[in-house]
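Colleague: I'd like to learn how to read a few features off a model. Could you walk me through some?

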Amino acid sequence: MNTELILNALKNVKDPEIGKDLVTLDMIKDIKITGSKVSLRAVLTTPACPLKKKIEDDIRQAVLAVPGVSEVEILMDAQVKKSATLSSSERLAGVKNIIAVASGKGGVGKSTVAVNLAIALSLSGARVGVLDTDIYGPSIPTLFGLKDKKPAVDQEKQKIIPLEKYGLKIMSIGFMMRENDAVMWRGPMIHKMLQQFLDDVLWGELDYLVLDLPPGTGDAQLSLSQLIPISGAVIVTTPQDVALADVVRGIAMFQQVHVPVLGVIENMSFFECPNCHHHSEIFSKGGGKKKAEEMKVNFLGELPLDIPTREGSDSGEPITMKSTHYTQSIRFKEIAQKIAGQLSVIQSTEPIKISL
Ligand code: ADP
C-alpha cells in the first residue's frame with residue numbers, strides 16, 4: 001500500500017456539488033500510512049459545506065476499499081477559495097468572497113436575512129464581516145445591538161476599525177449618522193461613502209463579506225458593482241405579487257452588471273400558529289419559488305414569519321445566535337450552506353474559454 005494507491009482510490013470520490021473528484025480539486029492533504037492505518041486531511045472549499053458528512057463517509061469507504069487498509073482517520077478541514085474576480089481587484093485584499101443581499105423593495109426582511117445568514121456562516125467556522133450600505137434605513141446597528149456604538153480609528157494607519165459582535169466584523173452607515181438624521185444622498189455622495197467603506201475600513205482577512213444593500217435598483221447598487229467585483233447576489237422577497245415584480249428587476253440588474261445571482265430567498269412565506277401549528281399564508285404562497293424558476297435562478301429556501309425571529313432582531317440578538325437549534329435557525333443555516341456551496345462551485349469551475 002502506498003500514497004499513490006490511496007490517491008487513485010480517491011479519484012473516484014466526487015464533491016457532489018462541484019461534480020469533480022477530490023484529487024483534481026486538490027482537497028486531499030497530508031496522507032500518512034502507518035501499518036494498515038491511513039490518516040489524511042480533507043480540505044473542503046467552505047466550512048459551511050452542506051455535504052461534509054457525505055464527503056467524509058465517501059472518503060472513508062473509498063480508502064477502506066484499498067487492499068491492506070483496516071483503519072482510516074480523517075481530519076475534516078476547510079479553506080475558502082478566493083473568487084477569481086476579487087483576486088484581480090486591488091480592493092479588499094484579504095476578503096475572499098463578497099455576498100450582496102438585495103431586495104426589490106423595503107420591509108421584506110433583507111437586513112434580517114443578511115444578518116442571520118452572516119451569523120450562520122460564522123458559526124460554521126468561517127471568518128465573516130457585515131457591511132451595511134442601506135443608506136435609507138441602516139438597521140444593522142439595531143440588529144446587532146450596537147446602536148450607540150461608534151467604530152474607533154486606527155490613528156497610525158488612519159483607517160476605521162470595524163466593530164465586532166458575535167465574532168463578526170461589522171460596519172454600517174448607521175454608525176456615522178445620528179438616529180433621526182435625514183440625509184439626502186446624491187449619486188456621487190453614495191459612491192464616495194461606499195468607496196470609503198471598502199478602502200478605509202480595516203476588514204482584515206475574511207472568508208465572506210456580506211453586504212446589506214439598500215432596497216431597489218439604484219445608485220448604491222450601481223456604484224458597488226463599479227467599485228468591487230461582487231462574488232454573488234442573493235435576492236430576498238416576500239411571496240406576493242408586488243414584491244415579486246421587483247425581484248425580476250433585481251435579477252435583471254445583477255445580470256446586467258455581470259454579478260452571478262446565487263438565488264432567491266422567500267421570506268415571510270407563511271405563519272405557523274405557535275399554539276395549533278396551522279399554517280397561514282399571509283402574503284400568498286410559493287411566489288418566490290415560481291419566480292426563481294421562471295428567471296432560471298436557484299430558489300434558496302422559504303423562511304416563515306416567526307415571532308422569535310422578530311424579537312431577536314429587535315433585541316440585538318439574532319435568532320441564529322440566540323437559539324442555534326431552533327427550526328428557523330436551521331433554515332438560515334441550510335440557506336447559508338447553499339450559498340457557500342454555490343460560491344465554491346463558481347470558484348471551482350474553469351473559466352469559460354471563448355474562441356473567437
Ligand atoms: P428590510 O431590510 O427588507 O427593510 P428588515 O430586515 O428590517 O427588512 O425587516 C423588517 C421587519 O420585519 C423587522 O421588524 C424584522 O424583525 C421583521 N422580520 C423580518 N423577517 C421576519 C420573519 N421571517 N419573521 C418575523 N419577522 C421578520
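This is a predicted model: local features need pLDDT of at least 70, side-chain atom pairs count only at pLDDT 80 or more; totals for chains, interfaces and linings use all residues.

Colleague: How many aromatic pairs does a search of the whole structure find?

Modeller: Rings of Phe, Tyr and Trp (its six-membered ring) pair if their centres lie within 6.5 Å; planes under 30 degrees apart are stacked, over 60 edge-to-face, the rest tilted. Here the search turns up 1 pair. F144 and Y166 sit 6.3 Å apart, centre to centre, with 40 degrees between the planes, so the pair is tilted. F144 lies in the loop between α5 (140-143) and β6 (152-154), and Y166 in the loop between β8 (163-165) and β9 (168-172). Helices (H or I, at least four residues) and strands (E, at least two) are DSSP runs, numbered from the N terminus.

Colleague: Is F144 buried or exposed?

Modeller: Buried means under 20% relative accessible area, exposed over 50%, partly exposed in between (1.4 Å probe, protein chains only). F144 is buried because its relative accessibility is 0%, while Y166, at 25%, is partly exposed.

Colleague: Which residues make the contact between α1 and α2?

Modeller: Contact means heavy atoms within 4.5 Å. I6, A9 and L10 of α1 meet I59, A62 and V63 of α2.

Technical notes. Residues are numbered from 1 along each chain as its sequence is written. Side-chain values use heavy atoms; hydrogens and water are left out.
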